[in-house]
Amino acid sequence: MSNYPEGVTGNEPQIAGYAHDTEIEDDREVCCNNDECKAFEQYSEQTVYVSQYGSRYEMNEEWEWTCPYCESHNSFSRSWDPADDVEYEPDFD
Ligand SMILES: [Zn+2]
């Protein structure tokens with residue numbers, strides 16, 4: 001029994017409030033992991049490929065991007081409890 005209109009499962013981020021297996025490209029403040037690169041530990045805004053997955057109990061996010069200076073592949077991951085991070089609002093635009 002569902003109260004949602006046809007075609008709406010209730011799992012949509014707008015309804016459920018959390019992203020599931022979402023893949024986006026977004027501008028994030030990142031720095032390069034290559035200690036020979038001029039961007040090493042120098043944060044700048046780069047277009048990052050972000051994949052998000054998780055549940056209402058734990059969210060995970062992986063960032064991947066290629067450094068524009070040395071072209072090395074960088075990655076970063078984090079996880080958090082959505083209940084502890086109620087101000088986090090992914091931007092799906
Ligand atoms: Zn670099």
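How many bridges join S3 to strand S4 (residues 73-80)? There are 8, and the two strands run antiparallel. Keep that pair in mind while we walk through the model.

**Before you click**

This is a predicted model, in which local features need pLDDT of at least 70 and side-chain atom pairs count only at pLDDT 80 or more, while totals for chains, interfaces and linings use all residues. Residues are numbered from 1 along each chain as its sequence is written.

**Stop 1: the whole chain**

Switch to a cartoon view. Helices (H or I, at least four residues) and strands (E, at least two) are DSSP runs, numbered from the N terminus.

**Stop 2: the sheet**

Now select the strands. The 4 strands form an open sheet in the order S1-S2-S3-S4, with antiparallel pairing; two strands pair if DSSP finds at least two bridges between them. Strand S1 (22-30) and S4 stand at the edges with a single partner strand each, so one side of each has no neighbour in the sheet. On average, neighbouring strands here are turned by 30° against each other, direction ignored. The axes behind that angle are lines fitted to C-alpha atoms, for helices over the stretch in contact, and angles run from 0 to 180 degrees between N-to-C directions.

**Stop 3: S2 and S3**

Select residues 44-54 and 59-66. These are strands S2 and S3, which run antiparallel and are joined by 6 bridges. A hairpin of 4 residues links S2 to S3.

**Stop 4: S3 and S4**

Move on to the hairpin formed by S3 and S4, with 6 residues between them. In its turn, click Glu71, which has a positive phi of about 65°. Then show Asn60, whose bridge partner in S4 is Ser79.

**Stop 5: Met59**

Which strand holds Met59? Met59 is found in strand S3. Met59 counts as buried because it has 20 C-beta neighbours inside 10 Å. The cut-offs are 20 or more other C-beta atoms within 10 Å for buried, 12 or fewer for exposed, and partly exposed in between, with C-beta atoms placed from the backbone. Buried residues make up 5% of the 93 residues in the protein. Finish by drawing a distance from Met59 to Pro82: they are 23 residues apart in sequence, yet 6.5 Å apart in space, C-alpha to C-alpha.
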